[in-house]
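Here is a short briefing on one protein model. Please look over the structure first, then read the notes below it.

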Amino acid sequence: MTKEEEATLHVFETRVRQLILAYDDLRKENNRLRCDIRNKEEENNRLSEEIDELRLSYVRLKTAKMMEISDDDMKNARQRLNQLMSEIDKCIALLNL
C-alpha cells in the first residue's frame, strides 16, 4: 500500500470513528428526550386527573352551598315573591280599567 493510500485510509478511519461518536451522542440525547417526553406525559396525566378531581369537588361544593339555604332564606324569598305577584296583579288591574 502506498503512503497516499495509507493516508486516505487513516482519514477514512478517523471520519468513521467521528461518525460513530456522533451517533452515540445522538442516541444518548434521543433516549434522554424520550425519557423527558414520558415524564411530561405522566405529569400531564396526573394534572388532568387533578383537574377532574377539582372539578368534581367544585360541583359538590356548589351543590352543598345550594342545599345550605336556611328556612329563613326560603321564607324571605316567598315573601318577596308574594310582594312581586301583588304588584303585578295591581298593574294588570290598572291596565284593565
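The notes below cover salt bridges and a surface patch.

This is a predicted model. Helix α1 covers residues 3-67. A search of the whole structure finds three salt bridges. A nonpolar patch also lies on the surface.

**Salt bridge: Asp 24 and Arg 27**

- Arg 27 pairs with Asp 24, and their closest N and O atoms are 3.3 Å apart.
- Both Arg 27 and Asp 24 sit in helix α1, three residues apart, or about one turn of the helix.
- Arg 27 has 39% relative accessibility, so this residue counts as partly exposed.
- Asp 24 has 22% relative accessibility and is also partly exposed.
- The cut-off for buried is under 20%, so Asp 24 at 22% does not count as buried.

**Salt bridge: Arg 32 and Asp 36**

- Arg 32 and Asp 36 join through their side chains, at 3.2 Å from N to O.
- Helix α1 holds both Asp 36 and Arg 32, four residues apart, which is about one turn of the helix.
- Arg 32 is partly exposed, with 44% relative accessibility.
- Asp 36 is partly exposed too, with a relative accessible area of 32%.

**Salt bridge: Arg 46 and Glu 50**

- Arg 46 bonds to Glu 50 in a salt bridge, with the closest N and O atoms 3.6 Å apart.
- Arg 46 and Glu 50 are four residues apart in helix α1, so about one helical turn separates them.
- Arg 46 reaches 46% relative accessibility and counts as partly exposed.
- Glu 50 counts as partly exposed as well, at 37% relative accessibility.

**Nonpolar surface patch**

- Met 1, Leu 9, Phe 12, Val 16 and Ile 20 make up a nonpolar patch on the surface.
- Together, Met 1, Leu 9, Phe 12, Val 16 and Ile 20 have about 500 Å² of accessible area.
- Phe 12, one of the patch residues, is found in helix α1.
- Phe 12 has a relative accessible area of 54%.
- Exposed means over 50%, so Phe 12 at 54% counts as exposed.

Key. Residues numbered from 1 in each chain as written. Predicted model: local features only at pLDDT ≥ 70, side-chain atom pairs only at ≥ 80, totals over all residues. Heavy atoms only, no water. Patch = residues over 30% accessible without salt bridge, like charges linked within 9 Å, V, L, I, M, F, W, Y side chains within 5 Å. Areas by Shrake-Rupley, 256 points an atom, 1.4 Å probe, with all protein chains shown as cover. Salt bridge = Lys/Arg side-chain N within 4 Å of Asp/Glu carboxyl O. Helix = DSSP H or I, 4+ residues; strand = E, 2+ residues; numbered from the N terminus. Buried < 20%, exposed > 50% of the residue type's maximum accessible area, 1.4 Å probe, protein only.
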